[in-house]
Amino acid sequence: MCGIVGIVSKKYNILPSLIDGLKNLEYRGYDSAGVAYFINNNLKIIKEKGTVKNLENKIDFKEKVNIGIAHTRWATHGNANKINAHPHNVNHITIVHNGIIENCNELKKDLKDYNYTFKSNTDTEIACAYLSYCYDQNKNIHMTIERFMDKVKGSYAIALLIDNDDKNIYLLKKESPLIIGLGKDTNYIASDITAILNYTNKYISLDDFQYAKVNYKDILVYNKSGDVLKKKINEYKSKNIVTGKAHYKHYMLKEIIEQKKVISNTIFPYLEKGIKSLLKLPNLTKYNQINIIGCGSAMHAGLVAKYLFREFTNTKCEVFLASEFRYQNNFLTTDTFNIFISQSGETADTLQAAKLIKEKKLDSLGIINAKESSITKVVDTSLYIEVGPEISVASTKAYSAQVAILALLVLSHGYRNKTISSKQTESIINEFKKINVFINKMSNKKDQYKMIAKKIYKEEHAFYIGRGLDYALCMEGSLKLKEVSYIHSEAYAAGELKHGAISLINKNMPVFSSATNDKLNSKTVSNLEEVISRGANVFLITDDKNLIDKSYETIIIPNVSIFLKGILVVIPYQLIAYYTAVLKGTNIDKPKNLAKSVTVE
Ligand code: M6R
């Protein structure tokens with residue numbers, strides 16, 4: 001949550017790039033934005049409520065600026081308003097911050113005793129005041145940062161400017177991501193690489209309790225004790241993924257449509273030489289139970305895998321919400337394997353759960369999109385989904401790629417533990433090799449999705465009902481609809497509805513469902529009959545043409561192995577949610593109250 005960008009350059013006029021970087025980080029928060037820079041040795045701070053566009057309108061781009069820091073906010077402490085917007089300044093120190101200062105009340109009390117006063121309601125201003133207090137004692141930034149790191153609890157990525165030092169940006173990092181991008185006569189800082197990809201793909205990532213001094217020539221990274229560290233320079237390689245919105249009106253649509261390419265990118269290394277390639281995936285046969293941990297769509301991807309592990313490999317699998325995992329007894333033993341799923345690799349709950357597993361010295365794997373992100377540094381190994389930056393707050397391509405790689409992990413496990421034969425394995429691999437064709441087919445049914453969106457966009461409530469794998473997919477479909485269209489929706493196990501929630505079914509209420517399993521389809525259809533007879537408007541996704549019926553709208557998916565069906569069913573759900581949101585005129589890529597990367601617990 002919250003995005004940080006900074007630039008320090010030999011040349012003037014960094015302001016356009018600073019704003020460009022901030023716009024690329026708006027998915028991390030967009031309730032206010034601000035910038036601080038030096039001009040003729042004087043500090044200037046500009047802040048605005050709302051999106052970066054509002055800030056942009058207040059900036060004089062003719063000013064000759066070569067050092068600055070900027071921020072886009074997702075409010076934690078204090079409302080979304082101009083006063084609470086970052087940067088915050090106290091005496092000589094100006095900062096932008098991502099994270100939460102947990103002992104801010106205690107610090108504030110102490111600082112008040114030293115006559116500090118506060119304008120905002122933010123923890124960031126308190127952090128800034130504490131830095132200022134330490135700096136005023138010794139005028140030594142290294143000692144100031146060391147003292148800050150000793151005293152301050154919580155998470156922080158901070159970019160800092162000091163008055164009378166218009167050559168350097170200082171950085172401090174604990175539990176919130178921060179990278180330094182390397183350019184020619186210019187260096188960049190950012191919460192993540194998306195902010196600066198237009199300028200460089202080379203970067204250093206800071207680890208917890210490291211800090212840095214960055215000017216246009218040099219980058220010095222220190223540990224807390226002030227020793228200079230040698231850091232690896234990473235190179236971000238995107239596999240032919242177009243950054244920016246291209247010709248699409250929204251990132252969400254672009255990201256749904258590009259699934260055909262990016263899912264193939266993700267899984268190709270595990271398919272190209274058939275079973276031999278598949279066996280590059282981790283061997284899980286020594287474990288008794290697989291745990292999958294994540295939040296939101298990532299957790300939903302885990303539910304698809306749970307179904308496949310249990311049904312086809314006879315392996316115990318449990319899925320946990322990361323926010324609950326830390327605070328309950330999970331009966332962890334050395335023969336449980338723990339898979340952490342996260343697009344951003346920064347989700348605080350998932351990160352903390354991964355740390356817990358590390359503390360217990362249990363084996364773990366990350367399924368992650370963002371390279372070098374915090375979770376990748378905690379888990380034993382990571383499998384990367386190669387989908388490129390996902391900008392739309394609603395996850396689409398990351399979810400599908402997570403499902404795809406998990407399905408292959410299950411397949412490799414089934415092959416290894418002999419619950420899936422070589423013949424079946426090869427046939428599923430061959431189908432996966434054609435996934436782009438199947439996805440394309442599903443993306444091309446736009447007219448049908450638009451027609452459905454038109455039927456539902458004025459409704460206030462919707463249900464998603466299904467059984468088995470389809471129930472897991474309903475959860476993702478329902479999340480997509482509520483997230484971008486603001487229509488309240490619930491995902492229910494189809495057989496459970498009649499135990500209470502069916503009382504909510506009213507005339508015309510949309511009920512979505514999928515039926516992709518011959519063993520369960522007739523039962524699901526019976527449940528659909530129950531809601532149709534109470535007035536519901538039903539939309540069914542299935543590969544079984546025998547289920548086409550006049551009493552509901554049917555979307556047909558290709559008849560493929562159940563290992564692929566999760567990916568195909570979710571595409572109509574994503575596009576219907578998208579077109580419904582278009583008709584409702586919501587802020588599709590940045591829905592209200594949300595942020596892409598949830599770095600607070
Ligand atoms: O970055 P992560 O995959 O860890 O994020 C997890 C959730 O916050 C995320 O999937 C969220 O639910 C999306 N907005 C769903 O579209």
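In this predicted model, helix α7 (residues 259–267) and helix α14 (residues 435–443) cross at roughly 155°, and their axes come within 8 Å. Axes here are lines fitted to C-alpha atoms, for helices over the stretch in contact, with angles running from 0 to 180 degrees between N-to-C directions. Helices (H or I, at least four residues) and strands (E, at least two) are DSSP runs numbered from the N terminus. The angle makes α7 roughly antiparallel to α14; angles over 145 degrees count as roughly antiparallel, under 35 as roughly parallel, 65 to 115 as roughly perpendicular and the rest as oblique. The crossing of α7 and α14 is right-handed, a crossing being right-handed if the near helix is turned clockwise from the far one by less than a right angle, and left-handed if anticlockwise. From α7, the contact (heavy atoms within 4.5 Å) draws on Gln-259, Lys-260, Ile-263, Ser-264 and Ile-267, and from α14 on Ile-435, Asn-436, Ile-439 and Asn-440. Four of these residues are nonpolar, four polar and one charged, where Ala, Val, Leu, Ile, Met, Phe, Trp, Tyr, Cys and Pro count as nonpolar, Asp, Glu, Lys and Arg as charged, and the others, Gly among them, as polar.

Two further helix pairs can be read in the same way. Helix α9 (residues 296–313) packs against helix α12 (residues 397–416) at an angle of about 20°, the axes lying 9 Å apart. That makes α9 roughly parallel to α12, and the crossing is right-handed. Residues of α9 in this contact include Ala-301, Val-304, Leu-308 and Phe-309, while those of α12 include Val-403, Leu-406, Val-410 and His-413. By class, the contact of α9 with α12 holds 11 nonpolar, seven polar and no charged residues.

For helix α3 (residues 104–113) and helix α4 (residues 123–138), the angle is about 50° and the axes are 10 Å apart. The two helices are therefore oblique to each other, and α3 passes α4 in a left-handed crossing. Cys-104, Leu-107, Lys-108 and Leu-111 of α3 meet Asp-123, Ile-126, Ala-129, Tyr-130 and Tyr-133 of α4. Seven of the residues in this contact are nonpolar, none polar and two charged.

Turning to charged side chains, the whole structure contains 25 salt bridges, each being a side-chain nitrogen of Lys or Arg within 4 Å of a carboxyl oxygen of Asp or Glu. One of them joins Asp-208 to Lys-173 (2.9 Å, N to O). This pair links distant parts of the chain, 35 residues apart, with Asp-208 in the loop between β11 (202–205) and β12 (210–214) and Lys-173 in strand β8 (residues 165–174). Asp-208 is partly exposed, at a relative accessible area of 30%, whereas Lys-173 is buried, at 4%; buried means under 20% relative accessible area, exposed over 50% and partly exposed in between (1.4 Å probe, protein chains only).

Asp-207 forms a salt bridge with Lys-231 (3.3 Å, N to O). Asp-207 sits in the loop between β11 and β12, and Lys-231 in the loop between β14 (228–229) and β15 (234–235), 24 residues apart. Within helix α16 (residues 469–485), Glu-476 and Lys-480 are four residues apart, about one turn of the helix. Their closest N and O atoms are 2.6 Å apart in a salt bridge, and both residues are buried. Lys-23, Lys-53 and Glu-56 are linked in a network of salt bridges.

Local features need pLDDT of at least 70 and side-chain atom pairs count only at pLDDT 80 or more, whereas totals for chains, interfaces and linings use all residues. Residues are numbered from 1 along each chain as its sequence is written, and side-chain values use heavy atoms, with hydrogens and water left out.
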